[in-house]
Amino acid sequence: MSDQAPDHGIARAFVLAAGLGKRMRPITATVPKPLVEVGGRALVDHALDRIAEAGIGEVVVNVHYLADLMEAHLVRRAGPPRITISDERERLLETGGGVRKALPLLGEGPFLILNSDSFWLEGPRPNLQRLVAGWDPQRMDMLLLLASAATSLGYEGAGDFQMEKDGRLARRAEREVAPFVYAGVAITTPAFFADTPEGPFSLNLLFDRAAANGRLHGLRLDGQWLHVGTPEGLRDAEERVRTSAVQP
């Protein structure tokens, strides 16, 4: 991989594509969730297209469930970004562990983390470009893309975070309702993974570490987040894409 970073300092991204997609069954009995299509295109391709549009040319994608299908699809993909596979066939490492395993492929600079099923209808300015422009390592250990819990399609939870005016985030307290939900996109640095455990662990560990130090920040998504977590959510997302004047 090239070490040359774009102007915003973020040269690489990591796409989480190894999960089992259990809530999307029976669709994912034979197709990995990242290859499920919305608007005629696989979820992982929507993610990779947006990464390329944000000026990031190097991407690591992890694989585990139906890994041969994932690899075959990614090999056939034309155009940027350039893709390197992080193979988790032997052991699924969860979100944090998957990133940690891939750190040697990600270089030393800040990088983007994107869930392969993160999907939204864009506002006037592409959200990944807004996120990378908002990254400030002097103030932040992590910067998260957040969606409005109230306006996101298919989301029925109590939210994840409260956000201060300066963008700092705090976890939703128990039995509390929070206005923002994590939209599956983050920026961080390899150094922030120091002292993380071997094997599987969740990125939530790092969210909490950053929040405890006042260094977890958020950016509100401009547009509408579509929670594609179940077959019903997929159908709703397809309908929303069809009826939207702005295509994703």
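Rings of Phe, Tyr and Trp (its six-membered ring) pair if their centres lie within 6.5 Å; planes under 30 degrees apart are stacked, over 60 edge-to-face, and the rest tilted. The model is predicted: local features need pLDDT of at least 70, side-chain atom pairs count only at pLDDT 80 or more, and totals for chains, interfaces and linings use all residues. Residues are numbered from 1 along each chain as its sequence is written, and side-chain values use heavy atoms, with hydrogens and water left out.

The structure holds 4 aromatic pairs. Take F161 and F207 together: this pair is edge-to-face, 6.4 Å centre to centre, with 65 degrees between the planes. F161 lies in strand β9 (161-163) and F207 in helix α5 (204-212), so the pair ties together parts that are 46 residues apart in sequence. Helices (H or I, at least four residues) and strands (E, at least two) are DSSP runs, numbered from the N terminus.

F161 and F207 are both buried. Buried means under 20% relative accessible area, exposed over 50%, partly exposed in between (1.4 Å probe, protein chains only).

Y182 sits in strand β11 (180-188), 25 residues from F207. Y182 is buried at 15% relative accessible area; F207 is buried at 3%.

**A charge over two rings**

Select R50. Its charged end sits over the ring of W120, 4.5 Å from the centre. R50 also lies over the face of F119, 5.8 Å from the ring centre. The test: NZ of Lys or CZ of Arg within 6 Å of the ring centre and within 35 degrees of the ring normal.

**A buried glutamate**

Go to E88, in the loop between β5 (82-87) and α3 (94-106). Beyond four places in sequence, contacts of E88 (heavy atoms within 4.5 Å) include N62, H64 and K101.

**Backbone stops**

The R25 to P26 peptide bond is cis, with omega near 10 degrees. Another cis bond joins P80 and P81, with omega about 0 degrees.

Finish at L66: not a glycine, yet phi is positive, about 50 degrees.
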